[in-house]
Amino acid sequence: MDCVEGMKKIPDKSIDLVVTSPPYDEIRKYNGYTFNLHKTGIEIFRVLKDGGIAVMVLQDSTKNYGKTLTSIKTIIDWCDNIGFKLFECVIYRKNGTEGAWWTNRFRIDHEYMPIFLKGEKPQYFNKEPLIVPSKHGGKVMTGSGNRRTSGETTKTVKREINKMKCRGTIWDYLMAGDKDPDKRKHPASFPDKIPYDFINCFCPLDGIVLDPFMGSGSTAVSAKKLGRNFIGFEISDEYCNITKNRLRKTAYIESLN
């Protein structure tokens with residue numbers, strides 16, 4: 001069903017995390033269905049718990065050599081008019097395709113992943129599953145000199161580099177393609193690793209994850225693998241069947257383990 005109508009059936013402050021990618025800018029046809037991002041944001045804000053997080057994966061299309069700015073407009077709308085804070089905007093780095101822009105534009109190697117916060121601070125935050133190896137881990141190096149607001153530079157120090165570090169705000173999914181034949185039936189899926197990482201970071205073990213635009217089911221499958229509960233809405237019967245098939249396969253694989 002339509003996600004806005006569907007979310008009206010969910011109680012206030014009952015969802016821990018939202019991870020979704022809306023069908024922005026008519027980049028794909030999506031069987032002709034339409035949606036309203038503002039109304040979607042209102043319902044997401046209502047159903048999220050205080051401290052809840054909503055993550056969106058989106059980009060801007062290019063029309064007449066100019067960006068639509070859908071990403072920026074949505075961030076401003078959800079913060080200024082709905083009540084969210086922008087906790088952070090993470091960059092999803094991927095392998096872009098040259099396409100028609102070989103001689104006319106830069107190749108697009110990223111999408112935006114704004115992280116919206118309802119309330120003062122996240123109710124749950126654990127970035128340990130997201131740490132990555134340090135390039136110089138284990139070495140003793142000199143550095144850490146920082147520029148103060150006065151313009152002065154602090155003294156450098158000698159220290160051993162940790163073997164693991166925070167991944168920061170650039171998240172690489174260069175090799176995160178999913179070779180699921182069911183998933184490939186959807187025109188615009190994202191790597192399962194994206195919702196998997198966000199669920200690990202922002203959703204407690206007994207939490208509920210919501211995806212208003214379920215698509216090929218990446219959020220649902222990731223929630224299932226991580227032992228979280230999930231709710232998903234999808235207006236297309238075709239895409240609902242893709243998700244159902246993927247969930248059946250996930251359950252079967254888990255039963256073998």
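Arginine 246 is buried, with a relative accessible area of 4%, where buried denotes under 20% relative accessible area, exposed over 50%, and partly exposed the range in between (1.4 Å probe, protein chains only). The model is a predicted one, in which local features require pLDDT of at least 70 and side-chain atom pairs count only at pLDDT 80 or more, whereas totals for chains, interfaces and linings use all residues. Residues are numbered from 1 along each chain as its sequence is written, and side-chain values use heavy atoms, with hydrogens and water left out.

Arginine 246 lies in helix H6 (residues 237–256), helices (H or I, at least four residues) and strands (E, at least two) being DSSP runs numbered from the N terminus. Arginine 246 forms a salt bridge with aspartate 192, the closest N and O atoms being 2.5 Å apart; a salt bridge is defined as a side-chain nitrogen of Lys or Arg within 4 Å of a carboxyl oxygen of Asp or Glu. This pair links distant parts of the chain, since aspartate 192 is found in the loop between strand E11 (170–172) and H4, 54 residues apart from arginine 246, and aspartate 192 is buried, as is arginine 246.

By the same rule, the salt bridges come to 12. Within helix H4, lysine 193 and aspartate 197 lie 4 residues apart, about one turn of the helix, and form a salt bridge whose closest N and O atoms are 2.6 Å apart. Lysine 193 is partly exposed at a relative accessible area of 37%, while aspartate 197 is buried at 1%. Helix H4 (residues 193–202) also holds asparagine 200, which is buried with a relative accessible area of 16%. Leaving aside residues up to four places away in sequence, asparagine 200 touches Tyr124, Asn126, Pro129, Leu226 and Arg228, contact being taken as heavy atoms within 4.5 Å.

In helix H2 (residues 37–47), the buried residues are Leu37, Thr40, Gly41, Glu43, Ile44 and Val47. Seen down the axis of H2, these residues fall within an arc of 165°, so they line one face of the helix; the arc is that of the directions from the helix axis to the C-beta atoms. They pack against helix H1 (3–7), strand E1 (15–20), strand E2 (48–56), helix H3 (70–82) and strand E12 (208–211).

Helix H5 (residues 218–225) is largely enclosed by the rest of the structure, because 6 of its 8 residues are buried, namely Ser218, Thr219, Ala220, Val221, Ser222 and Ala223. Just after H5, glycine 227 adopts a positive phi of about 75°. Serine 236, located in the loop between strand E13 (229–232) and H6, is buried at 2% relative accessibility.

For the chain as a whole, the secondary structure comes to 6 helices and 13 strands, and 41% of the 257 residues count as buried. Of the contacts between residues at least 6 apart in sequence, 72% join residues at least 24 apart.
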